[in-house]
Amino acid sequence: MNTTLLILLISIAALALFVLGLSITIIRKGHPIESDVGSNRDMKRMGIECASAQIRREEAERTGRKAYLNEGCDGGCDTCVTHDPCR
């Protein structure tokens, strides 16, 4: 029983430290961490893009057509369509 309680307390402490670390990051930066590849400013600056956007661009280059992007598409995975309706 004593070992179970110790493991439970260590787990709760680890979880609390994790939540505290995320909170400090949000407080210092003023916004949540940009972990999505398609919307991260630094990744865009380095030329790294979302996998679906990259596949769509490479397919368009291969076929000689323009890549189909829906209205408001910013290159992020969550805003681009995954198929070409012109086919």
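Is L22 buried, partly exposed or exposed? With a relative accessibility of 37%, L22 counts as partly exposed. Here, buried means under 20% relative accessible area, exposed means over 50%, and partly exposed is in between, with a 1.4 Å probe and only protein chains considered.

Before we go on, a word about the model. It is a predicted one, in which local features need a pLDDT of at least 70 and side-chain atom pairs count only at pLDDT 80 or more, while totals for chains, interfaces and linings use all residues. Residues are numbered from 1 along each chain as its sequence is written, and side-chain values use heavy atoms, leaving out hydrogens and water.

**How confident is the prediction?**

The pLDDT is the predictor's confidence in each residue, from 0 to 100. The chain averages 76, and 74% of its residues score at least 70. Over residues 82-87 the pLDDT is below 50, and this stretch has eight contacts in the model beyond near neighbours in sequence. A contact means heavy atoms within 4.5 Å. Where pLDDT is low, the predicted coordinates should not be read in detail.

**The overall build**

The chain has three helices and zero strands, so the pattern along the sequence reads α-α-α, with helices (H or I, at least four residues) and strands (E, at least two) taken as DSSP runs and numbered from the N terminus. Confidence is highest in helix α1 (residues 2-29), at a mean of 90, and lowest in helix α2 (residues 41-45), at 82. Of the 87 residues of the chain, 10% count as buried. The chain exposes about 7,100 Å², and carbon and sulfur atoms supply 63% of that area. Such areas come from the Shrake-Rupley method with a 1.4 Å probe; for residues, only the protein chains shown count as cover. Among contacts with a separation of 6 or more, 29% join residues 24 or more positions apart.

An unreviewed UniProt entry lists residues 6-27 as "transmembrane region"; its annotations may be inferred rather than shown by experiment. In the model, residues 6-27 are 100% helix and 0% strand, and the end C-alpha atoms lie 31 Å apart. Our opening residue, L22, lies in helix α1. Together with L15, F18, V19 and I33, L22 forms a nonpolar surface patch with about 480 Å² of accessible area. Patches consist of residues with over 30% relative accessible area and no salt bridge; like charges are joined within 9 Å, and nonpolar side chains (Val, Leu, Ile, Met, Phe, Trp, Tyr) within 5 Å.

**Three salt bridges**

Side chains of opposite charge can pair when their charged atoms come close. The structure holds three salt bridges, each a side-chain nitrogen of Lys or Arg within 4 Å of a carboxyl oxygen of Asp or Glu.

| Pair | N to O distance |
|---|---|
| D42 and R45 | 2.9 Å |
| R57 and E61 | 3.2 Å |
| R62 and E59 | 2.6 Å |

Why are D42 and R45 about one helical turn apart? Because they are three residues apart in helix α2. R57 and E61 are also about one helical turn apart, being four residues apart in helix α3 (residues 51-63). R62 and E59 lie in helix α3 too, three residues apart.

R57 is partly exposed at 33%, and E61 is exposed at 55%. Finally, R62 is exposed at 63%, while E59 is partly exposed at 26%.
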